[in-house]
Structure formats: structure tokens, C-alpha cells
Amino acid sequence: MHICVYGVILIIILFVSLLIFVYKLRRNRKIEVNGKSVFITGCDRGFGYHIAKQLSTLGFQVFAGCLDINGVGAKELANFSKSVHPVQIDVTKEQDVSDALKFVEDTIQDKGLWAVINNAGVASYVECEWCPLDVYQRMIDVNLTGVIRVTKAFLPLVRKTQGRVVTVASLAGRNGLPGFSAYTATKFGIIGFSECLRREMKKFNVKVITIEPSMYKTNITNENVIIAQNKELWEKCPDEIKNAYGEHYFNDFLVKIKENILDLTANKDIAQVIDAIEDAICCQYPDTKYVPGFRTSFESFIYSLLPVSIQDLTVSLVMKYVSKPCQMTTLNKNK
Ligand SMILES: NC(=O)c1ccc[n+]([C@@H]2O[C@H](COP(=O)([O-])OP(=O)(O)OC[C@H]3O[C@@H](n4cnc5c(N)ncnc54)[C@H](OP(=O)(O)O)[C@@H]3O)[C@@H](O)[C@H]2O)c1
């Protein structure tokens, strides 16, 4: 009996080891770069800027979409290598997207594009009740409609090479945290969009991949920008809402942003994200979703297995014990 149980355990261990071995073997197989071309949005700074440089170093011809073609980022990229071509693109503007597409088509002729990387994005960390609709709208225009617009425009070129559509989503596109409703709505949106597109594109052998990072230190997580935006929106907020939450709650919220959320959780090692994007572009058999950083990836996997009520409890406990407590004046009054 015992021998039988040990035998089964041994077979399971051997089988899992074999699976891991085959997975690693496949992951190590890279495509041949051979001057393949990629188009990236949001290269003025942050992840986009670094991935443009990294892919150019690997031998790709890089079309680096920049919001400001005359800005510092675009100029630095132009000087970095002859294989980097900065291209003006605001992903919310139809004309910019078709001009960028034309520039890419004219440059690559009939060769096709290996990958489009949807990286451009904006964020806010504002509670729903003092976040006006125009902030939601702007976020949707850039992070969701912008991704769909760029993807639709460049897909015919990507189909030609049986290449890749890589979209930088976020872990916020899996888990909703207080303060992230506008950002999270758009990131859930692009993860959903990518999932449908992945299944549609299978027949063309085009791989659709999402990168889902946690928080990293870039301009998007700049606490001064976030705090300034909150103060401005709070000032404009109706009195009924200000009274319901109270100045004390709002001030605690700002402290929580600065000391406990951005300082504690934002990771400085953005190479983890850049390497995940490189993997998605260069591996012959890339993953469908990347959560950069082993620890985050593991925690996120465990979290996703929990029932929603336990997920809610976890978030409240984290907000309560990792962050300084925020108190609402109305709740205090009601005590
Ligand atoms: N950093 C994080 O913690 C984190 C985590 C998860 C996901 N992400 C995602 O990663 C992507 C890159 O963000 P990042 O962290 O590198 O932030 P970032 O440094 O602010 O870079 C964002 C880039 O997008 C550009 N951009 C903004 N609006 C645009 C528009 N309408 N059209 C074209 N480009 C536009 C920005 O230009 P300007 O600088 O000129 O505004 C900038 O170059 C975003 O999609 C973001 O949501 C970031």
C-alpha cells in the first residue's frame, strides 16, 4: 500500500518536473530579430522610453510614439540610435494615429510590423465621489479608446508578420482598490478587450499579450502630481460631499497616498517590467499575461483564488493596518 502511494507521488513529481522543463525550454527559444519592426506608444518617458531603447539595442527597428515629438524624451531617443524613429502620436487623436501609421507603412514598405506595443497611459488616485466625470472620460479616452484605436489601425500590418499585440495593462485591471475606480475601469476594459482579440486573432497566428505590472516608480505614480490633483478636485467638489467625508478624512487620504501607498509599494526596479515586455516580443512561445516580479506574480495568483468576500476583507485589512486609518466625520458624528 505504502509503496503504491510513494509510487504515485514520485510519478506526479516527475510529471511536474517534466512540465517545468518543457516550459523553460520553450521560454528560452527566441525569435530571430533580423531588423523586425515594432511600434510603441507613450515613449516620452517611463516604461515606453526604456523599452524603445532596449528593443533597439536588440536589433529591432523601433517606431517610438511620443506625445511630444519636440520634447526631451523624443530627442534623446532620436540621438540614441539610427534604428529608433520618434513618431508624433496622441492616441486620442484619429489624425495622429493615421499619420503615424502612414509614416510606419512608408518606412517599412511591404515588410509588415512585428509588434504594436500599447504602452501610453494616464492614471489618477482619487476617490469616486470627488472625481469628476471629465477625469473618468480622459482616462477612458487615453487608456481604453486609445488602445483600441491604435490596435485597430496597426493590426493589418501585424497580421502580415503573424506578430504580436502587446498591451501594458495593470494589476489594477484585475483587482479594484479604493481610489483607483477611474484607472481600474479602463484597465479592466483593456484586459477584456485583449482577451476577446486574442481569441479572434488565433486564426491569424497573431499573439495578443497583456503586461500587468503592480506599482512602479514612474511619472504616473509621482506623489506630488497625485496630491496636487486631489487638492484641486477636492476644492471644486460640492459641499455635500466635502461635509460627508470631512477635511480630516481627506487629509488622512493624502498622507496615506504619500507615506503608505506610493512610498511603501511603488517598486523602483522598472527593469522587471521592461524585461517582461521584451519577453513578450522576443520569445517564440511567450506567456499570455505577464505579472512582472516573482513575488507579485505569486501573491496575485493566490489572491485570485480567494472568494470575493475574503478578497474584500483582505483589502480592508490592508487599508486599515498598512495604511494610516482614515476617519469620516459623519461616521464620528453618528457614534
Ligand atoms: N508605473 C506604474 O506603476 C504602472 C503600473 C501598471 C501599469 N502601468 C502602465 O504602464 C504604462 C506606462 O506608464 P508609465 O508608468 O511608464 O508612466 P509615464 O512615465 O507617465 O509614461 C506614460 C507615457 O504615456 C504618454 N501619454 C500620456 N497620454 C498620452 C496620449 N494621449 N497619447 C500618447 N501618449 C500619451 C506620456 O506622455 P507625457 O509624459 O508627455 O504625458 C508618457 O510618455 C501606462 O499604460 C500605465 O497605465 C504603470
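This is a predicted model: local features need pLDDT of at least 70, side-chain atom pairs count only at pLDDT 80 or more; totals for chains, interfaces and linings use all residues.
Reader: Is C283 buried or exposed, and in which class does C196 fall?

Author: The buried class holds residues under 20% relative accessible area, and the exposed class those over 50%. C283 has 0% relative accessibility and therefore counts as buried. C196 has 47%, so its class is partly exposed.

Reader: How many helices and strands does the chain have, and what share of its residues is buried?

Author: The C-alpha atoms fill a box of roughly 75 × 65 × 35 Å along the principal axes. The secondary structure consists of 12 helices and seven strands. Of the 335 residues in the chain, the buried share is 44%.

Reader: Which residues does the UniProt annotation "transmembrane region" cover, and how far apart are the end C-alpha atoms of that span?

Author: The annotation comes from an unreviewed UniProt entry and covers residues 6–23. In the model this span is 100% helix and 0% strand. Its end C-alpha atoms are separated by 26 Å.

Reader: How many residues surround the ligand, and which are the closest?

Author: The shell around the ligand comprises 29 residues. The closest residues are R45, N119, Y183, Y216 and T218.

Reader: What distances separate polar atoms of D90, Y183 and Y216 from atoms of the ligand, and what part of the ligand does the protein bury?

Author: A polar side-chain atom of D90 is 2.9 Å from a ligand nitrogen. A ligand oxygen lies 2.6 Å from an N or O atom in the side chain of Y183, and a polar backbone atom of Y216 is 2.6 Å from an oxygen of the ligand. Taken alone, the ligand exposes 880 Å², of which the protein buries 93%.

Reader: Is G48 buried or exposed, and how far in space is it from I117?

Author: With 0% relative accessibility, it counts as buried. Although G48 and I117 are 69 residues apart in sequence, their C-alpha atoms are separated by 8.8 Å.

Reader: Where is I108, and what is its C-alpha distance to S37?

Author: I108 belongs to helix α4, which covers residues 94–108. Its relative accessibility is 1%, so it counts as buried. I108 and S37 are 71 residues apart in sequence, and their C-alpha distance is 7.8 Å.

Reader: Where is V206, and how far apart are the C-alpha atoms of V206 and L155?

Author: V206 is found in the loop between α6 and β6 (207–211). Despite this loop position, V206 has 4% relative accessibility and counts as buried. V206 and L155 are 51 residues apart along the sequence, with C-alpha atoms separated by 9.2 Å.

Reader: What distance separates the C-alpha atoms of Y136 and N251?

Author: Along the chain, Y136 and N251 are 115 residues apart. Their C-alpha atoms are separated by 23 Å.

Reader: What are the phi values of N34 and Q162?

Author: Most residues other than glycine have a negative phi. N34 lies in the loop between α1 (2–28) and β1 (37–40) and is exposed, with a relative accessible area of 67%. Q162 lies in the loop between α5 and β5 (164–168) and is partly exposed, at 43%. Phi is positive in each case: near 45° for N34 and near 55° for Q162.

Key:
Residues are numbered from 1 along each chain as its sequence is written. Side-chain values use heavy atoms; hydrogens and water are left out. UniProt positions are given in the numbering used here, feature names are shortened, and annotations may be inferred rather than shown by experiment. Helices (H or I, at least four residues) and strands (E, at least two) are DSSP runs, numbered from the N terminus. Buried means under 20% relative accessible area, exposed over 50%, partly exposed in between (1.4 Å probe, protein chains only). A residue is near a molecule or strand if one of its heavy atoms lies within 4 Å of it. A polar contact is a pair of N or O atoms within 3.5 Å; within protein, one must be able to donate a hydrogen and the other to accept it, and residues adjacent in sequence count only if both atoms are side-chain atoms. Accessible areas come from the Shrake-Rupley method with a 1.4 Å probe; for residues, only the protein chains shown count as cover.
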